[in-house]
Amino acid sequence: MKNRDLTQGNIVKALLRLSLPIAGGQFMHMAHSLTDMFWLGQSSSHAYAIAATGTAGLFIWLSVGLMLVGRVGAEIGVSQSRGRDNIPDAYLYARTALFLAAGLGILYGTFLFVLRGPLIGLFRFQEANVAAYTITYLGIMAFGIPASFITSSLSGTFNASGNSRTPFVISSCGIVLNMILSPIFILVLDMGVVGAGITSVAAQYTVMIAMAIAVKRFRGRPFEVFKLTARFDFAAIRADIAGGKSRDIFRLTWPVCLENTLFPLLTMATTYFEVAFGAFAVSISRVGTQVESLSWLVGAGFGAALTAFVGQNFGAGKHTRINTGVRYTTIFMLGWGALVACVLWFGSPVIIAAFLPEFAHDPDMVRLVVLNLRILAACQVLSNLEFVATNAFRGKGRTLPPSITGIASNVIRVPLAFLLSRFTPLGLLGVWVAISATAAFRGVSIFAWYHIEKRKAASYKLPE
């Protein structure tokens, strides 16, 4: 696929062509996670294995904030520079974002590997096997962190250039490879969590290598020439990064990094409140979250597409085209939110049968599942506005407003969940109401902020 100029042509077609492959990639990642969980569930030590990978996954999730430095930096810098038809500048942003991603990936991967023991010790597992499996799995996964950071940055460069199909095809092939190897390593070779970790890391490096080849050789590569390495000269590397827009990238991405680091930490706090009511509460909540992920999987795809679309058109000064694209995306995301809300509201019998069959014959448990799903349904339409406004802001280089509203809503969520669950008759439902209410608040507040802001000429534009 060739790179696309998003400043011309049919707006709806441009958004769909760019967003659908990204959303498809998100669905593939979800399918991969469910597949790994399924095969680990069939292993001889399934209870310990699932607990171990789930706990280690929290630390992998924490890496997303740093990972977005390279990805978001590339998406904004490359798209705006392409909109100004300044290809040398776009290349400089892409290459600097790649160097930053590689450096941060190596640092975080090293941090996880060296401190994996003390980090897992914080959970104070009563079962020694769980702790041992978790430490082993996290140690293996730490080796894959640099590859995932580099891949994310290169994907951002492709997306910003109007080509989301190439990253989708490559990442999908890597996920399929992982799904094929997982049962072999986990069950046939009886390697359990070690096998799951090895196949994941192998797939990550396979995807990274394929992306590196694509950015240099494929027909749809973002630039005619892309140098992946710098001379091993610290002065030269420092000069390359200093002249490669690193200050702009960090200025753009530090709010995103902070928001996406705090979010998993604050989520752990609300999970702690759920645990106080029993393990069943966490099970119900996780199933609801899996179904609700239909919203953010599609929202992430359209959001990344909107960032590239707005970025290119903002660089080109086509503000009317930006407004039209934002309007179309808003209409689609509101409709999609309504559809997901209907699934959550009316689909409880199917959801219970598929994911929580052990609760099907307990009226009290069924009632809780139904209430959880309907509480989540109540926020879907409003919370989907977040994907529109957040990524429209990012395309204009305005990353601070989305992070302010995101951090504020998540910080509010924790005391609200505590108060509603401990000091009102809602109990467990109070935790879920707090989650849903703050998600709706986040969507409405950032959407309103964007529409107030767009009337001003205050959006930050990257320097020529």
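Predicted model: local features only at pLDDT ≥ 70, side-chain atom pairs only at ≥ 80, totals over all residues.

Q: What does the protein chain consist of, in helices and strands?

A: Helices (H or I, at least four residues) and strands (E, at least two) are DSSP runs, numbered from the N terminus. Here the protein chain has 19 helices and 0 strands. Of its 464 residues, 53% count as buried.

Q: Which helix holds Leu-187?

A: Leu-187 is found in helix H8 (residues 165-188).

Q: How do I read a salt bridge?

A: Side chains of opposite charge can pair when their charged atoms come close. The rule asks for a side-chain nitrogen of Lys or Arg within 4 Å of a carboxyl oxygen of Asp or Glu, and by it the count comes to 6 salt bridges. One of them joins Arg-71 to Glu-75, with the closest N and O atoms 3.3 Å apart. Both residues lie in helix H3 (residues 64-83), 4 residues apart, about one turn of the helix. Glu-75 counts as buried, at 7% relative accessibility.

Q: Which parts does the bridge between Glu-386 and Arg-442 tie together?

A: These two side chains meet at 3.0 Å, N to O. Glu-386 lies in helix H17 (residues 385-395) and Arg-442 in helix H19 (residues 428-453), so the pair ties together parts that are 56 residues apart in sequence. Glu-386 and Arg-442 are both buried.

Q: Why is H17 described as largely enclosed by the rest of the structure?

A: Because 11 of the 11 residues of H17 are buried. Just after this helix, Gly-397 takes a positive phi of about 80 degrees.

Q: Which residues touch the most other members of the largest nonpolar core?

A: A nonpolar core is a set of buried Ala, Val, Leu, Ile, Met, Phe, Trp, Tyr and Cys residues joined through side-chain atoms within 4.5 Å. The largest has 47 residues, and Phe-59, Val-78, Leu-112, Phe-223 and Phe-226 touch the most other members. Helix H4 (residues 87-114) gives the most to this core, with 12 residues. A second, separate core of 27 residues includes Val-287, Leu-344, Leu-376 and Ala-417.

Q: How are aromatic pairs described?

A: A pair of aromatic rings is described by the distance of the centres and the angle of the planes. Rings of Phe, Tyr and Trp (its six-membered ring) pair if their centres lie within 6.5 Å; planes under 30 degrees apart count as stacked, over 60 as edge-to-face and the rest as tilted. The whole structure has 9 aromatic pairs. Tyr-91 and Phe-226 form an edge-to-face pair, 5.4 Å centre to centre with 80 degrees between the planes. Tyr-91 is in helix H4 and Phe-226 in the loop between helix H9 (192-217) and helix H10 (234-242), 135 residues apart. Phe-226 is buried, with a relative accessible area of 2%. Ring pairs also link Tyr-91, Phe-223 and Phe-226 into a cluster.

Technical notes
Residues numbered from 1 in each chain as written. Heavy atoms only, no water. Buried < 20%, exposed > 50% of the residue type's maximum accessible area, 1.4 Å probe, protein only.
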